[in-house]
Amino acid sequence: MPYIQLSAEETRLQESTLHQLEFYSLLDFVAKYAISDMGKEAILALKPTSDLNALREEHDTIDELIRVQLGEDSIPFDGFDDVRPKLQKSLVQNAILSAREILQIMTIMHVSRSLKSYFRFRAEKYPLLGDKMSYLHENRTLEKHINDIIDDAAEIKDTASRELARIRHAIVEKTTRLRLRLDKLLAKATKEEMAAEDYVSLRDGRFVLPIKAEHKRHIPGIIHNVSQTGSTVFLEPSETFEMNNEISMLKSEETREVLQILKNLTQEIGAEARQYLQNCEILTEFDSVYARAKYALAFGGVKPVLSEENEVELREVRHPILCHAKGVKNVIPLSTYFSDEKRGQLISGPNAGGKTVALKSVGINIAMALCGIFPLGECRTNYRVIFSSIGDHQSIENDLSTFSSQIMQLKNIVDACSQNSLILIDEICSGTDPQEGAALASGILDTFIELKAFFIVTTHQSSLKTYSLNHAEIENASLEFDEEKLVPTYKYLLGIPGNSYAFALSKNLGLSKLVLKRARKYLGNSHSKLEQSIAQLQKYKFEAEQYRREMLQEKNKLESARKNLDNRLAEIKLRKKEMIDKAHLDAMEVLNGANALIENTIKEIQEAKKPVVEVKNEFQAAKNKLRNKVRRVEGRLNRAKGAPDVIEVGDSVIMAESEDTGNVGSVITMAENGKTALVDFNGLKFNISVKKLRRSEKKPTSSAQSSKQISSGSSYITFDAKTRLDLRGERAADSIRKIDELISDAVCANIGELTIVHGKGTGALRRAIQEYLADHPSVKSFRNGALVEGGDGVTIIEL
């Protein structure tokens, strides 16, 4: 959008609007976050602008400063003095800056150098700030020169020049000699009781003796001063005239030398003054933006979106002045929007219900976005010239009533507004006959619609609510009102007109029932029906909002579950890929091994190093070994693809459900249909579905070992098997292994019920155990223990 220059009348109206919106009170508050007076002035001078590109850059800079405050060390920015007049003075020929003025200029030099260095090292992370601070001028030589000459107390150092050092050394030497001589004279005067005090004094830059007035003629010399009581005179003895004169001459030389040093320094500063004046502008803008970033952090400001489209959208915005007074959490936010289809809103409802605050909240947040302050809520807007008529503008001096003053204001707004305007009118045409006022208001709103301006109007007039319902461009709105407690909730309801609740509020305030009864007779049926319809709409709106919130909660839960499933699926796919990749590598290794085996066997036969039978046996053994490898690779590939392992007689197998903890068995026979297999687990034979088996690289326990275990009462088959297992304090993986052993022992011992003690704790161990039991083929059912059995700390298993 090109820059828009406002006319004088538009500027006057917008200035009046900003006062009505309490915009300048907001600027006063934001300015408190600035460190320098120049920064405060820059904030107080803020106005809405149509230069959206410059605004976007300003918003981005504020956003960078917020990120700096949240994630970095403190910014080296302690403020600076307004030294612009002093820098201008340095540009004047033969001008001399005082030592204190030069020290003030030094603050600009120091702050400029520190900021430039700070953001130079962070330019990649904060490019806008890095670029802006790169323009800061620095001259370390000049800074060192000033530091070498002036100390922190704004005094010229003795080492500032050789001549100054010589003069000051001479002053010290001669002053010491003079004091020694005066001390002798004072001692003599004290002995003769002529001295009024026992110390040497200084008057008009000359050393003198305090002598009693009655003895002033007894010592030759000049009287420089007399005490207030007249009892003491301050006398310079004639014999010290020459020494005092020498010291006075040296002090004059010192003053001339100091002035010359300051003049030279002033000329050096003058040579750089224009660059440092530019630094003042950059630092002022930085202080202003930094203050706005601190304000946004303190009150939850949100970076606005500046759009080129004809739209305004506010979400969860709050009135800043209320937030300053009550705190952000204690202010009810509002949301609203405007577009080409919905250009106007008509707010109705009871007095003190929040209509005017809602009006101001919309206006001030948009004004904030357009002047470079983050609104207190989400804001999307294009450039808007804001006009308002809020409050009572009656004037006795100008002979204007409330109605007349509002009509004058509205007349000026109608003349100045355009499709780039946002118009805010409080209680439109309310100070006259209701019927005529409603007609006037309707005509004004017709004009706004025709001009395609955006507008918000508040009213109590029922006919305007009907007017809004008959115009597609206007949407009704209201502030929620608790009908039971008869208090406003301040929640903004878009799409629903509001009741005035005049009768309910009057009754609550104690107005006579008889008066209210008589008043209702004059109300009319149509008005009552309208109010009842509005109340019903508000009820439906409330219920719809409640359902919407519930649906959003459900949606969030489903979204969370979907994300979890997506993550699990991604993990499974990754694991599958890893398994397939490993299987391919293993397959390549098998192939290479097979080729090597064949070549080696052929070589041995050709060279006849070994008998053919021996070579054949070795070849067969190696071939079997390779076949087992191939089958393991096939198993991994099948598992990765979700297919069951290929099971053959003699394979070592394990139950798929207990791959980590189960026992290894051996396949004895296969069913003709290939769907089941007879498996020997430690001497016990089971018919098991092939789908539930996985090939294992481990070897099953031999029959001899099984027999030994049976005879020795081992964990595989025992006749005194346990029926209770205490797992409190155990890890889930160890617990599941022990439970599997307990169940195996119980099955062999023909035990029907087991008790697992896992404790209550957080419930994590109980859940892990019960999830394992749910899929165990030997478990018929399980339950939590009864109270007498141990309650939730115990799981009872039926085999």
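The following legends describe close-up views of a predicted model.

In this predicted model, local features require a pLDDT of at least 70 and side-chain atom pairs count only at pLDDT 80 or more, whereas totals for chains, interfaces and linings use all residues. Residues are numbered from 1 along each chain as its sequence is written, and side-chain values use heavy atoms, with hydrogens and water left out.

**Figure 1**
Four strands form an open sheet in the order β20-β21-β23-β22, with mixed pairing. Helices (H or I, at least four residues) and strands (E, at least two) are DSSP runs numbered from the N terminus, and two strands pair if DSSP finds at least two bridges between them. From one strand to the next, the twist averages 20°; axes are lines fitted to C-alpha atoms, for helices over the stretch in contact, and angles run from 0 to 180 degrees between N-to-C directions. The pairing of β20 with β21 (residues 753–757) is parallel and spans 3 bridges. Within it, Leu725 has Ile756 of β21 as its bridge partner. Helix α21 (residues 732–748) packs on the sheet and touches β20 and β21, contact meaning heavy atoms within 4.5 Å. The direction of α21 makes about 160° with that of β21. Helix α22 (residues 764–774) also packs on the sheet, where it touches β21, β22 and β23 (794–798). The direction of α22 makes about 160° with that of β22.

**Figure 1. The open sheet β5-β9-β6-β7.**
This open sheet of 4 strands has mixed pairing and the order β5-β9-β6-β7. At its edges stand β5 (305–306) and β7 (334–338), each with a single partner strand, so one side of each is left without a neighbour in the sheet. Strands β6 (residues 312–317) and β9 (residues 378–381) pair in the antiparallel sense over 4 bridges. Arg315 stands opposite Glu378 in β9.

Side chains of opposite charge can pair when their charged atoms come close. The whole structure contains 32 salt bridges, each defined as a side-chain nitrogen of Lys or Arg within 4 Å of a carboxyl oxygen of Asp or Glu. One of them joins Arg12 and Glu9, at 2.7 Å from N to O. Both residues lie in helix α1 (residues 8–20), 3 residues apart, about one turn of the helix. Arg12 is partly exposed at 41% relative accessibility, and Glu9 is partly exposed at 33%; buried means under 20% relative accessible area, exposed over 50%, and partly exposed in between (1.4 Å probe, protein chains only). Another salt bridge links Glu246 with Lys174, whose closest N and O atoms are 3.0 Å apart. This pair connects distant parts of the chain, with Glu246 in helix α10 (residues 241–299) and Lys174 in helix α9 (residues 162–191), 72 residues apart. Glu246 has a relative accessible area of 28% and Lys174 one of 24%.

The side chains of Glu730 and Lys738 meet at 2.9 Å, N to O. Glu730 is partly exposed, with a relative accessible area of 28%, as is Lys738, with 27%. Elsewhere, salt bridges that share partners join Glu41, Asp82 and Arg84 into one network.

**Figure 2. Aromatic pairs between parts of the chain.**
The count comes to 14 aromatic pairs, where rings of Phe, Tyr and Trp (its six-membered ring) pair if their centres lie within 6.5 Å, and planes under 30 degrees apart count as stacked, over 60 as edge-to-face and the rest as tilted. Phe77 and Phe286 form an edge-to-face pair, 5.0 Å centre to centre with 80° between the planes. Phe77 lies in the loop between α4 (52–71) and α5 (84–90) and Phe286 in helix α10, so the pair ties together parts 209 residues apart in sequence. Both Phe77 and Phe286 are buried. Phe338 and Phe454 are stacked, at 5.5 Å centre to centre and 20° between the planes. Phe338 belongs to strand β7 and Phe454 to strand β12 (residues 454–459), so this pair ties together parts 116 residues apart in sequence. Phe338 is buried at 1% relative accessibility, and Phe454 is buried at 0%.
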